[in-house]
Amino acid sequence: MENKDIIVRAATADDKHYAQTITDEMEASAKARGTGIAKRSPEYVQLKMDEGKAVIALTASGEWVGFCYIEAWGHEKFVANSGLIVNPAFRGHGVAKAIKEKIFELSRKKYPDAKIFGLTTGLAVMKINSDLGYEPVTYSELTDDEEFWKGCRSCVNYEVLMSKNRKNCLCTAMLYDPVEKAKEIEERAAKLLAAQQAQPAVKAAAVAVEPPSRKRKFKGNFSLFERWMRYKKYILLKAARKSGSGGAGASRKRFFLFSWL
């Protein structure tokens with residue numbers, strides 16, 4: 001992180017007085033973007049602090065910088081890192097990345113077997129998620145917990161989501177699957193061992209940098225993905241204004257195909 005005076009740590013009950021500031025900024029940020037995360041009350045944020053399921057960023061003098069929290073769904077089979085927000089005065093200094101790394105670490109510690117997922121419209125967050133090992137997925141790979149989807153009701157795009165039967169929306173879904181990651185590590189190790197036994201020098205080096213076969217080509221394609229996000233927003237919002245339009249199905253198919261590139 002660029003600013004060494006910013007401290008990113010697990011939030012505690014002593015941080016409750018920041019809750020109103022955090023939720024006010026969440027709401028303001030959602031309105032500015034024209035999209036929205038599920039609206040949360042100060043009391044809900046305070047609960048997450050009490051439970052040890054939140055990360056907060058502060059300056060050395062105690063000024064609030066950023067926040068994120070953990071939610072568990074589907075009997076703790078899924079975990080979402082939600083409500084990522086950074087004080088506008090501190091944006092562009094690597095704070096969001098530091099918070100995402102810390103909340104990811106906390107999630108893995110508290111729920112080691114859970115799949116970690118997120119929904120976002122922000123390209124910067126997608127890049128951070130990708131660096132952490134998340135991959136873009138279709139909505140069908142997320143939790144089917146009704147309580148999670150109820151949280152989308154406060155989003156300005158909720159009608160778009162429901163018009164697509166919860167199969168698509170302006171947000172991009174990303175998922176970290178610990179089981180799949182463990183398999184990838186095992187496969188890499190096996191390939192590396194086989195290469196070392198066959199031809200240690202050249203083959204081992206080639207296998208060491210070879211991406212997993214299931215890895216979706218997300219890294220390195222962010223400019224293309226950004227253009228696709230703009231196109232997707234245009235298509236979905238246009239379709240939402242035309243209830244019963246036959247063109248929506250085609251756009252959904254195009255999105256699913258892109259997600260698997």
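## Strand S2 and its neighbours

In this predicted model, Ile 56 has Phe 67 of S3 standing opposite it. Strand S2 covers residues 54-59, strand S3 covers residues 64-73, and the two run antiparallel, joined by five bridges. A further position in this pairing is Val 55, whose bridge partner in S3 is Cys 68. The hairpin of S2 and S3 has four residues between the strands, and in it Gly 62 takes a positive phi near 100 degrees.

S2 also pairs with S1, again in the antiparallel sense and over five bridges. Here Val 55 of S2 has Ala 10 standing opposite. Six of the six residues of S2 are buried, and the strand is mostly covered. In a regular strand, side chains alternate between the two faces of the sheet. In S2, one side is taken by Ala 54, Ile 56 and Leu 58, while Val 55, Ala 57 and Thr 59 point the other way, and all of these residues are buried.

## The sheet as a whole

S2 belongs to an open sheet of seven strands with mixed pairing, ordered S1-S2-S3-S4-S5-S7-S6. Strand S1 (6-10) and S6 are the edge strands, each pairing on one side only. From one strand to the next, the twist averages 25 degrees.

## Strand S7

How many of the residues in strand S7 are buried? Strand S7 spans residues 172-176, and five of the five are buried, so the strand is largely enclosed by the rest of the structure. Thr 172, Met 174 and Tyr 176 point one way from S7, and Ala 173 and Leu 175 point the other way; all are buried.

Two pairings of S7 can be described. Strand S5 (residues 115-120) pairs with S7 in the antiparallel sense over five bridges, and within that pairing Gly 118 stands opposite Met 174. Strand S6 (residues 135-137) also runs antiparallel to S7, with three bridges joining them; here Glu 135 stands opposite Leu 175. Helix H4 (residues 123-132) lies across strand S4 (78-86), S5 and S7, and runs at about 20 degrees to S7.

In soluble globular proteins, nonpolar side chains tend to be buried together. The largest nonpolar core in this model has 26 residues, of which Ile 6, Val 8, Ala 57, Val 95, Ile 99 and Tyr 134 touch the most other members. Two or more residues each come from S1, S2, S3, S4, helix H3 (95-110), H4 and S7. Which element gives the largest share of this core? H3 does, with six residues.

## Aromatic contacts

The count of aromatic pairs comes to ten. One of them is formed by Phe 104 and Tyr 134, which lie 5.9 Å centre to centre with 50 degrees between the planes, a tilted arrangement. This pair links distant parts of the chain: Phe 104 is in helix H3 and Tyr 134 in the loop between H4 and S6, 30 residues apart. Phe 104 and Tyr 134 are both buried, and Tyr 134 is also listed among the residues of the largest core that touch the most other members.

Phe 148 and Trp 149 have ring centres 5.0 Å apart and planes at 80 degrees, so this pair is edge-to-face; the cut-off for that class is over 60 degrees. Are these two residues buried or exposed? Phe 148 has a relative accessible area of 10% and is buried. Trp 149 is also buried, at 4%. Both values are under the 20% limit for a buried residue.

Phe 148 and Trp 149 are part of one aromatic cluster, formed with Trp 73, Phe 78, Phe 117 and Tyr 139.

## A charge over a ring

Arg 40 has its charged end over the ring of Tyr 44, 4.5 Å from the centre of that ring.

Terms used: Residues are numbered from 1 along each chain as its sequence is written. This is a predicted model: local features need pLDDT of at least 70, side-chain atom pairs count only at pLDDT 80 or more; totals for chains, interfaces and linings use all residues. Side-chain values use heavy atoms; hydrogens and water are left out. Buried means under 20% relative accessible area, exposed over 50%, partly exposed in between (1.4 Å probe, protein chains only). Two strands pair if DSSP finds at least two bridges between them. Axes are lines fitted to C-alpha atoms, for helices over the stretch in contact, and angles run from 0 to 180 degrees between N-to-C directions. Contact means heavy atoms within 4.5 Å. A nonpolar core is a set of buried Ala, Val, Leu, Ile, Met, Phe, Trp, Tyr and Cys residues joined through side-chain atoms within 4.5 Å. Rings of Phe, Tyr and Trp (its six-membered ring) pair if their centres lie within 6.5 Å; planes under 30 degrees apart count as stacked, over 60 as edge-to-face and the rest as tilted. A charge sits over a ring if NZ of Lys or CZ of Arg is within 6 Å of the ring centre and within 35 degrees of the ring normal.
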